[in-house]
Amino acid sequence: MSGKEQALQQVRQMLDFIDNSPCCYQAVENAEAELERAGYIRLEEWEYWRLEGGGKYYVDRNGSSLIAFALPEKDMRGFHMIAAHSDSPAFKIKEMPEIRVENRYVKLNVEKYGGMILSSWLDRPLSAAGRIVTTGSTGPVAKRVNLDRDLFIIPNLAIHMNPEMNKGTEYNVQTDMLPLFGGGDGGKSLTELAAEAAGVDAGAVLGSDLFLYNREKGRIIGADEEFICSSRLDDLECVYCSLRAMLAAKPGFYANFMIVFDNEEVGSLTRQGAASSFLQDTLLRICEALGLFGQDYGRLLAESFMLSADNAHGVHPNHPEKADPTNRPYLNGGVVIKYHGSQKYTTDGISGAVMKEICRRAGVPYQTYANRSDMAGGSTLGNISAARVPVRTADIGLAQLAMHSAYETAGARDVEYMIKAMSCFYGQGGCQTKA
């Protein structure tokens with residue numbers, strides 16, 4: 001198999017992972033399944049942890065955030081951590097969702113989750129996934145569910161009824177973006193369909209967290225198969241790359257961590273987000289289980305390093321003027337190192353130098369990103385996580401187009417570059433400069 005075909009095979013596997021991960025709950029579930037096949041042991045937050053040197057473990061919170069870690073055999077010097085996020089912008093289905101229209105249609109009441117490109121969701125086959133909550137013998141039980149069929153559509157208004165549409169349309173979520181669900185003839189309710197998919201009785205359903213998702217499959221496109229198109233590239237592309245690197249790596253003197261936070265797209269201020277205590281709690285419990293107390297935790301943090309992995313804006317072929325004059329990442333140009341003077345990205349001169357050296361050792365190209373100075377940019381995981389776990393951090397990602405669209409575009413070659421760079425990071429001896 002040629003080098004190109006090997007790289008494309010990796011891309012196809014990633015697209016399968018994304019297609020099978022329609023929302024945060026399924027993304028974490030699929031990652032956990034691969035970790036378990038590789039011998040990782042599941043931990044529960046409510047149990048007492050007994051850990052061993054050389055052991056491989058994982059723990060999740062809320063079913064939508066995940067921390068996997070592989071411990072060195074002995075003499076742990078610090079933590080090598082890669083953080084990505086499981087959630088993507090989507091429509092969340094409200095409680096009591098069905099709305100009847102003139103006894104002819106049934107539509108669903110939805111709201112925005114994250115900063116969406118609303119128009120990209122129109123006139124596409126959609127479905128729903130997430131979790132439902134049912135009654136159990138000891139309390140509520142959450143069950144992941146994917147309806148996995150062409151079930152909804154958000155129909156555009158005909159141009160004859162809105163002749164000014166192509167001059168720019170402002171969409172109102174409450175009136176313009178509600179998906180068509182049924183014909184009003186007494187079909188099954190959404191709760192009944194979700195319960196049926198989960199194998200439970202609809203009467204036992206107490207609640208749900210369900211999201212719409214685009215049914216369009218991920219594809220490899222381009223004259224030389226150099227591009228990929230898929231939903232949720234932001235940020236399941238980085239989740240997948242960190243998972244592949246984690247499974248291939250063997251820790252030396254540093255414990256390797258794969259961290260997947262939920263709720264990045266809505267600010268991370270949740271019990272399972274980057275601003276929560278999840279990572280800090282996990283690190284402290286690991287130290288305690290290994291007999292490390294007092295100053296040991298601070299010493300280990302000082303020797304640690306994090307890669308905050310969240311995709312970056314590539315130079316747009318129709319709007320190259322939107323990119324910074326000198327920091328201009330392109331699709332298939334390699335790992336993007338992200339900078340921001342106000343520290344929305346945590347990369348500084350030292351952590352950026354470390355990341356460049358990682359790429360050099362891995363034999364992969366890198367490029368740099370900064371916002372135009374007259375445009376506001378988004379935030380990500382690194383600076384939020386560092387407020388609780390203050391380790392040296394570099395913000396990285398892969399260049400993509402149409403970020404927050406229902407169907408995004410990225411470079412096919414970049415997947416292999418990122419996996420190699422992350423694998424090198426997990427395998428190398430240390431990153432801390434003592435500066």
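Because six of the six residues of S3 (residues 65–70) are buried, the strand is largely enclosed by the rest of the structure. The structure is a predicted model, in which local features need pLDDT of at least 70 and side-chain atom pairs count only at pLDDT 80 or more, while totals for chains, interfaces and linings use all residues. Residues are numbered from 1 along each chain as its sequence is written, and side-chain values use heavy atoms, with hydrogens and water left out.

Strand S2 (residues 56–61) pairs with S3 in the antiparallel sense over six bridges, and within this pairing Asp60 stands opposite Leu66; two strands pair if DSSP finds at least two bridges between them. The hairpin of S2 and S3 has three residues between the strands, and there Asn62 takes a positive phi near 70°. S3 is also joined by five bridges to strand S13 (residues 254–261), again running antiparallel, and the bridge partner of Ala68 in S13 is Met258.

## The chain as a whole

The protein chain holds 10 helices and 20 strands, which are DSSP runs numbered from the N terminus (helices H or I, at least four residues; strands E, at least two). Its radius of gyration is 22 Å, close to the 22 Å that the globule rule gives for 435 residues, so the chain is as compact as a globular protein of that length; the radius is taken over C-alpha atoms, and the rule is 2.2 Å times the number of residues to the power 0.38. Along its principal axes the C-alpha trace spans about 70 × 60 × 45 Å, and buried residues make up 52% of the 435 residues.

## Nonpolar cores

A nonpolar core is a set of buried Ala, Val, Leu, Ile, Met, Phe, Trp, Tyr and Cys residues joined through side-chain atoms within 4.5 Å. The largest one has 52 residues, of which Met14, Leu66, Ile228, Met258, Leu307, Met355 and Met418 touch the most other members. Apart from this core lies another, of 37 residues, among them Trp121, Leu126, Ile132 and Ile154.

Leaving aside its neighbours within four places in sequence, Met418 is in contact (heavy atoms within 4.5 Å) with Cys238, Cys241, Val335, Ile396, Gly397 and Leu398.

## A five-stranded open sheet

Five strands form an open sheet with mixed pairing, in the order S11-S12-S20-S19-S15. Its edge strands, each pairing on one side only, are S11 (219–221) and S15 (312–313). Three bridges join S11 to S12 (residues 227–230), and these two strands run antiparallel, with Arg219 opposite Cys229 in S12.

Helix H5 (residues 233–248) packs on the sheet, touching S12, S19 (399–401) and S20 (408–411), and its direction makes about 35° with that of S20. Axes here are lines fitted to C-alpha atoms, for helices over the stretch in contact, and angles run from 0 to 180 degrees between N-to-C directions.

## Asn109

Asn109 has its place in strand S6 (residues 105–113) and, at 14% relative accessibility, counts as buried. Not counting residues up to four places away in sequence, Asn109 touches Lys92, Ile93, Lys94, Pro97, Ile99, Gln174 and Leu178.

How values were computed
Buried means under 20% relative accessible area, exposed over 50%, partly exposed in between (1.4 Å probe, protein chains only).
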